[in-house]
Amino acid sequence: MAGYLVGGRFLSGEITLRKLVPLSCGVELTLNAPETLRAQLQLPYVDPATDVALDIPNQLLPQRDFIGWVENGVLLAAGQIQGDPFAFPYSSTLTAAGAWEYFAKRKVLPVLTAAQLPSNVTSKWTNTSLRTIAKRLVEQACAWPAAGIPIDYEPDFAGTNEREYPGADLMWVAEALTNLTEVEDGPDIAFRPKLDGPRHVRWDLLTGDPDLTQGGVDHYWDVSAPGPNAYISDLDRDGRDLATHAWGVGATNDETQIRLEAKASSTALLDAGFPMMETVENRNSVLRAETLQAYVDEAVVRYSAFTETFTLKVSRDEDPKLGTYWPGDWAKIKVAATARVPAGIYRVRIVRISFDAEGDVTLQCAPERVAGGYPVPSSDRQWLSNQLRALQGRIDETNRG
């Protein structure tokens, strides 16, 4: 087996059980979401190192304790145990979710005095970056008694953003973090676990600018020829969000009560025999007509293309090895000519990593907009990105001032 489990106290990060060998284990790491672990253990569990039986059901309790997966000396995933269903007569399955999931059980509230209620307080941060607002949300949640899990934070980053969270809304911290990742140029956010010596784990709260990626060169896999190290397992094409017409909805003027609206259409799909299809751009914060128009103009270009998603299978023990890449990292893959894609080197972004205790690692790449033969040849995979880049420039210009 390639790796092993560790377990311990979530609140302190203390490792109380080391090198547990499961019957099976599945791990999934996803960008801007908690990682998941599912490990099956045979009970009673006998420690192979000491030949002592361990009382796993009472030593690893749901919510109180964590489990983590270690491979190649790297803690790849770690989080609170969510449950431990038991299959008679001997099999126990531990399910766990990463530190992000803990904040799905915490509200955006400062520490309250005895006399305060949520409606009496508001959490507000101004003139700073969205990255630092994410940090403040987590710091505030960890300031409560029995809530300070071991997290290491980045420095503050300058910015001009503002966020206000009325206590009466009782918003979940995880929801607030997700909202930050989903705004225009919102940062990627990750709680990345790490070993802190032989007896503790900690989590780094990491944010992107706005993407969270590796600092160095792209990872590289050659899938151009059959071989044991890497291959493309799937290339998915999705047309569910194609559109020929876009409608834009902006802010409503407080004085006139007139709502800002815009429209755009494209004949690219219609000329290729597609039926009319519509989409709506809800931009309630947009106050300027030219900005809203730029958004809908971009939408009909963006949604004139299918979404394609590469899925790779790679060897965990060949370079680049498991533990050297993370969700958000960029990679180059060398592809041979097929009936679907021309030969070449494609740059892809890893958004999900999944693996079992043994065997290959599955890498799901970020969906990419590809024109796919219309309105330009499918070999010109840069056409759409070039069009969108020019339109994005218009949006940036109309957002100024």
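A: A residue is called buried when its relative accessible area is under 20%, exposed when that value is over 50%, and partly exposed in between, with a 1.4 Å probe and protein chains only. By that scale Cys365, at 1% relative accessibility, counts as buried, and Cys25 counts as buried as well, at 4%. A disulfide would need a pair of cysteine sulfur atoms within 2.5 Å, and by this rule the count is zero.

The model is predicted, so local features need pLDDT of at least 70 and side-chain atom pairs count only at pLDDT 80 or more, while totals for chains, interfaces and linings use all residues. Residues are numbered from 1 along each chain as its sequence is written, and side-chain values use heavy atoms, with hydrogens and water left out.

The protein has seven helices and 25 strands, where helices (H or I, at least four residues) and strands (E, at least two) are DSSP runs, numbered from the N terminus. Of its 401 residues, 47% count as buried, and its C-alpha atoms fill a box of roughly 70 × 65 × 40 Å along the principal axes. Taking contact to mean heavy atoms within 4.5 Å, 67% of the contacts between residues at least 6 apart in sequence join residues at least 24 apart.

Now to the aromatic side chains. A pair of aromatic rings is described by the distance of the centres and the angle of the planes. Here the rings of Phe, Tyr and Trp (its six-membered ring) pair if their centres lie within 6.5 Å, and planes under 30 degrees apart count as stacked, over 60 as edge-to-face and the rest as tilted. By this rule there are 11 aromatic pairs. In one of them, the rings of Phe10 and Tyr102 have centres 5.5 Å apart and planes at 65°, so this pair is edge-to-face. Because Phe10 lies in the loop between β1 (4-9) and β2 (15-20), and Tyr102 in helix α2 (residues 99-102), the pair ties together parts that are 92 residues apart in sequence. Phe10 is buried at 4% relative accessibility, and Tyr102 is buried at 11%. Another edge-to-face pair is formed by Phe86 and Phe88, with 4.7 Å from centre to centre and 85° between the planes. In this pair Phe86 is partly exposed, with a relative accessible area of 36%, whereas Phe88 is exposed, at 74%. Ring pairs also link Phe10, Phe66, Trp100, Tyr102, Phe103, Phe191 and Trp203 into a cluster.

Asp218 is buried, with a relative accessible area of 18%. A polar contact is a pair of N or O atoms within 3.5 Å; within protein, one must be able to donate a hydrogen and the other to accept it, and residues adjacent in sequence count only if both atoms are side-chain atoms. The side chain of Asp218 makes such contacts with the side chains of Lys332, at 2.8 Å, and Arg347, at 2.6 Å. Leaving aside neighbours within four places in sequence, Asp218 is in contact with Trp330, Ala331, Lys332 and Arg347.

A further open sheet of three strands has the order β19-β18-β20, again with mixed pairing. Its edge strands are β19 (259-265) and β20 (278-282), and the twist averages 20° from one strand to the next. Strand β18 (residues 245-252) pairs with β19 in the antiparallel sense over six bridges, and Lys263 in β19 is the bridge partner of Trp247. Helix α6 (residues 289-302) lies across β18, β19 and β20, running at about 30° to β19.

Conventions:
Pairing = 2+ DSSP bridges. Axes fitted to C-alpha atoms, helices over the stretch in contact; angles between N-to-C directions.
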